[in-house]
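Open the model in your viewer and keep the selection panel at hand.

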Amino acid sequence: MKLGELEKLLLHYLWQHECADVKKVYAYFEPKRGGSLNTYQSTLDRLYKKGLLARQKEGHAFVYRARVERHQLIGQLIKSVTTDFVGEDDGSSLIAAFSSMSQEFNVDQLNQLESLIELQKQKLNQKG
């Protein structure tokens, strides 16, 4: 999945503000980066079609909210990028890439990662 610059900005906005209609989004971004109301509307619609936003009709307008948490989207993007370079079944390449990235983590981040891995192992053991 590829995201454009405006798509990323709108996702960040909705993670911070929970929900908004296009006029509210436009009022926030227009002084900072310009663009037309239609540009923001079509970008919100694209994010909705990608499954990243939910929307609900309120009056004559849709109100949008993020459908995925930031960390979920980051995981999806990492998976998407790695499958561009390796097969979907080649988990060892993903693990090697992640191991390479982890060299930049501090001790607290590594401890948090270790805790998350242990939690995931427990969940898998309970299923199996």
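Rings of Phe, Tyr and Trp (its six-membered ring) count as a pair if their centres lie within 6.5 Å. By that rule, this predicted model has 6 aromatic pairs.

**Stop 1: the rings**

Select tyrosine 13 and tyrosine 28. How far apart are the ring centres of tyrosine 13 and tyrosine 28? The centres are 4.8 Å apart and the planes stand at 50°, so this pair is tilted. Tilted is the class left between stacked, under 30 degrees, and edge-to-face, over 60.

Now colour by helix. Tyrosine 13 sits in helix α1 (residues 5-17) and tyrosine 28 in helix α2, so the pair ties together parts 15 residues apart in sequence. Tyrosine 28, at 32%, counts as partly exposed.

**Stop 2: α1 against α2**

Two packed helices are described by the angle between their axes and the distance between the axes. Show α1 and α2. Their axes lie 12 Å apart, and the packing angle is about 125°. That makes α1 oblique to α2. The crossing of α1 and α2 is right-handed.

Select the contact next. From α1, take Glu5, Leu6, Leu9, Leu10 and Tyr13; from α2, take Lys24, Val25, Tyr28, Phe29 and Arg33. Colour these residues of the α1 and α2 contact by class: 7 are nonpolar, none polar and 3 charged. Both tyrosines of the tilted pair are in this contact.

**Stop 3: α2 against α3**

On the α2 side, pick Val22, Lys23, Val25, Tyr26, Phe29, Glu30 and Arg33. On the α3 side, pick Leu37, Tyr40, Gln41 and Leu44. By class, the contact of α2 with α3 holds 7 nonpolar, 1 polar and 3 charged residues.

**Stop 4: α1 against α3**

α1 and α3 have axes 10 Å apart and pack at about 80°. They are therefore roughly perpendicular to each other.

The α1 side of the contact is Leu6, Glu7, Leu10, Leu11 and Leu14. The α3 side is Thr39, Tyr40, Thr43, Leu44, Arg46 and Leu47. In the contact of α1 with α3, 7 residues are nonpolar, 2 polar and 2 charged.

**Stop 5: two glutamates**

Centre on glutamate 7, in helix α1. Is glutamate 7 buried or exposed? Its relative accessibility is 4%, so glutamate 7 counts as buried. Which residues does glutamate 7 touch, not counting those up to four places away in sequence? They are Lys2, Thr43, Arg46, Leu47 and Lys50. Thr43, Arg46 and Leu47 are also part of the α1 and α3 contact.

Last, jump to glutamate 58, in strand β2 (residues 53-58). Glutamate 58 is partly exposed, with a relative accessible area of 45%.

How values were computed:
Residues are numbered from 1 along each chain as its sequence is written. This is a predicted model: local features need pLDDT of at least 70, side-chain atom pairs count only at pLDDT 80 or more; totals for chains, interfaces and linings use all residues. Side-chain values use heavy atoms; hydrogens and water are left out. Contact means heavy atoms within 4.5 Å. Helices (H or I, at least four residues) and strands (E, at least two) are DSSP runs, numbered from the N terminus. Ala, Val, Leu, Ile, Met, Phe, Trp, Tyr, Cys and Pro count as nonpolar, Asp, Glu, Lys and Arg as charged, and the others, Gly among them, as polar. Buried means under 20% relative accessible area, exposed over 50%, partly exposed in between (1.4 Å probe, protein chains only). Axes are lines fitted to C-alpha atoms, for helices over the stretch in contact, and angles run from 0 to 180 degrees between N-to-C directions. Angles under 35 degrees count as roughly parallel, over 145 as roughly antiparallel, 65 to 115 as roughly perpendicular and the rest as oblique. A crossing is left-handed if the near helix is turned anticlockwise from the far one by less than a right angle, and right-handed if clockwise.
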